[in-house]
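Please read the report below alongside the sequence and the 3D view.

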Amino acid sequence: TDGYMDPLDPGGYFIINGNERVMVMSEDLAANQPFIDDGRQGLLLRLFSQRGAYRIPTSIMETNEGILESTFSRLKNIPSVVLLKALGMVKDADIARNVAYENECFIVNLYEYASLQTADDALMVIAEKSGIQGTKKEILDRVKQKIDAFFLPHIGTDKAARSEKALTLCRLLRLFLRSKEDEKIRTDKDHYANKRVKLSGDLMAD
């Protein structure tokens, strides 16, 4: 042929080395919103925190001992109350006020970590659970940096975002506690309101 495209061709595909190639749309769960599911190990709250092409799965679940734990990036099974205190919400009264859902499970969690009085105490507990080593200052800096970068990055990745992240975690804990007591609160993952379809532009941008 003379190398020109047929003006009547609808397009939407590429010719690469003589082969026809089409970009396939990709269907994904919506980012930055919580999903409540009954997983293999019990109730599970999941959220995909997305900032640009950066997508960090975050989850909350309950251990057999009744401790609510959060997992994100490489920081796994961090007690949620400890994470709240590490983010600067150190007073139990503030945590209780912001979660605003009092039941036995939540009281057990507050009581378990009542001895942590400062954010640094909480950061050291996280470091111990995650095997982060170094001098005390190095450990604190490393844990802070990991929390800032990988915990709910869609809210922000700097020190200023910590209080908003703590409030968001409180809201997620309230949703988890409500879902524990109400089996109707579950997410239908097949519903299109909970999905996003990525087209060629999104895929190439990523």
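## Model

The model is predicted. Residue numbers start from 1 along the chain.

## The hairpin

Strand β1 covers residues 13–16 and strand β2 covers residues 19–22. They pair in the antiparallel sense, over four bridges.

β1 and β2 form a hairpin. Two residues lie between the strands. Asn-17 sits in the turn and has a positive phi of about 50°.

## The five-stranded sheet

Five strands make up an open sheet. Their order is β4-β5-β6-β7-β8, and the pairing is antiparallel. The edges are β4 (35–39) and β8 (75–79), each of which pairs on one side only. Neighbouring strands of the sheet are turned against each other by 25° on average, with direction ignored.

Inside the sheet, strand β5 (residues 42–51) runs antiparallel to β6. Eight bridges join these two strands. Gln-50 stands opposite Arg-55 in β6. A helix also packs on the sheet: α4 (residues 119–130) touches β7 and β8. The direction of α4 makes about 135° with that of β8.

## Helix α4 against helix α5

The axes of α4 and α5 come within 9 Å. They cross at roughly 85°. That makes α4 roughly perpendicular to α5, since angles of 65 to 115 degrees count as roughly perpendicular.

From α4, the contact uses Asp-120, Leu-123, Met-124, Ile-126 and Ala-127. From α5, it uses Lys-136, Ile-139, Leu-140, Val-143, Lys-144 and Ile-147.

## Helix α2 against helix α6

Helix α2 spans residues 92–99. Its axis and that of α6 come within 8 Å and cross at roughly 60°. α2 and α6 are therefore oblique to each other. The crossing of α2 and α6 is right-handed.

Ile-95, Asn-98 and Val-99 make the contact on the α2 side. On the α6 side the residues are Leu-167, Cys-170, Leu-173, Arg-174 and Leu-177.

## Aromatic pairs

The structure holds two aromatic pairs. Tyr-54 and Phe-150 form a tilted pair, at 6.4 Å centre to centre and with 40° between the planes. Tyr-54 lies in strand β6 (residues 54–62) and Phe-150 lies in helix α5 (residues 136–150), so the pair ties together parts that are 96 residues apart in sequence. Tyr-54 is partly exposed, at a relative accessible area of 35%. Phe-150 is partly exposed too, at 23%.

Phe-72 and Phe-151 have ring centres 4.9 Å apart and planes at 50°, so this pair is tilted. The pair links distant parts of the chain, 79 residues apart. Phe-72 belongs to strand β7 (residues 68–72). Phe-151 belongs to the loop between α5 and α6 (162–181). Phe-72 is buried, with a relative accessible area of 1%. Phe-151 is buried as well, with a relative accessible area of 1%. The cut-off for buried is under 20% relative accessible area.

Ser-179 lies in helix α6. Is Ser-179 buried or exposed? Ser-179 is buried, with a relative accessible area of 0%. What is Ser-179 in contact with, leaving aside its neighbours within four places in sequence? The partners are Ile-36, Leu-43, Ile-185 and Arg-186.

Arg-178 also lies in helix α6. Arg-178 counts as partly exposed, at 38% relative accessibility. Arg-178 touches Tyr-101 and Ile-185, not counting residues up to four places away in sequence. Arg-178 and Asn-103 are 75 residues apart in sequence. In space they are 9.5 Å apart, C-alpha to C-alpha.

Technical notes:
Predicted model: local features only at pLDDT ≥ 70, side-chain atom pairs only at ≥ 80, totals over all residues. Heavy atoms only, no water. Phe/Tyr/Trp six-rings, centres within 6.5 Å; stacked < 30°, edge-to-face > 60°. Buried < 20%, exposed > 50% of the residue type's maximum accessible area, 1.4 Å probe, protein only. Pairing = 2+ DSSP bridges. Axes fitted to C-alpha atoms, helices over the stretch in contact; angles between N-to-C directions. Contact = heavy atoms within 4.5 Å. Parallel < 35°, antiparallel > 145°, perpendicular 65-115°, else oblique. Left-handed = near helix turned anticlockwise from the far one by under 90°.
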